[in-house]
Amino acid sequence: MDETEATDRTQVRLEPWGEDDLWLLRLHNSPEMTAHLGGPETEEQLTARHRRYVALESGRMYRVVRTGGGETVGAIGFWERPWVDGTVWETGWAVSPGFQGRGFAVRAARAVAEEARAAGRHRWLHAFPKTDHAASNAVCRRAGFTLLGPVDFEYPKGHPITSNDWRLDLAG
């Protein structure tokens with residue numbers, strides 16, 4: 001681990017998603033925050049997603065908390081997905097508008113990779129940002145993922161998109 005990585009880990013911590021965290025999904029449910037995810041969700045969809053996050057059995061969702069100040073700066077998680085190379089962990093994140101562009105997503109991605117590594121079960125952690133989502137693709141690159149190339153995806157269900165397939169080897 002280099003000095004930057006050691007510093008990064010001290011700047012964010014991951015707190016398991018809890019019953020009281022629906023507010024964060026609501027905060028991130030703006031047209032700007034969901035532009036690459038099919039647009040804002042209804043209150044019913046947000047509540048259903050919150051329930052899935054709380055009940056997640058394979059993997060875990062987290063609030064990303066800034067150490068020192070204690071502010072919640074975003075959300076991240078990992079969960080199982082069947083994929084080309086077998087069942088893998090998938091990750092995804094959102095950083096709240098007031099905290100974007102400050103490296104929190106990269107630090108959180110590195111931290112969630114450690115959580116996925118500790119959970120075992122799967123060698124690979126994948127991220128699938130849309131090909132035109134420059135910020136999320138940059139997070140993947142800076143967090144140490146390898147770009148495998150574009151893939152056809154559906155997100156949300158029924159909404160075809162082209163994403164990049166980024167993969168991180170958890171065995172290394």
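Me: Which residues of helix 5 (residues 134–142) are buried?
Reply: Buried means under 20% relative accessible area, exposed over 50% and partly exposed in between, with a 1.4 Å probe and protein chains only. Helices (H or I, at least four residues) and strands (E, at least two) are DSSP runs numbered from the N terminus. This is a predicted model, in which local features need pLDDT of at least 70, side-chain atom pairs count only at pLDDT 80 or more, and totals for chains, interfaces and linings use all residues. Within helix 5, the buried residues are S136, N137, V139 and C140.

Me: Why do the buried residues lie on the same side of helix 5?
Reply: The buried set is S136, N137, V139 and C140. The arc is that of the directions from the helix axis to the C-beta atoms. These residues are on the same side of helix 5 because they cover an arc of only 150°.

Me: Which exposed residues does the face of helix 5 turned away from its buried side carry?
Reply: Residues are numbered from 1 along each chain as its sequence is written, and side-chain values use heavy atoms, with hydrogens and water left out. On the face turned away from the buried side, the exposed residues are A134, R141 and R142.

Me: Which residue with a positive phi follows helix 5?
Reply: The phi of this residue is near 100°. The residue that follows helix 5 is G144.

Me: Within what arc do the buried residues of helix 3 fall?
Reply: The buried residues of helix 3 are L46, R49, H50 and Y53. Seen down the axis, they line one face of the helix, because they fall within an arc of 105°.
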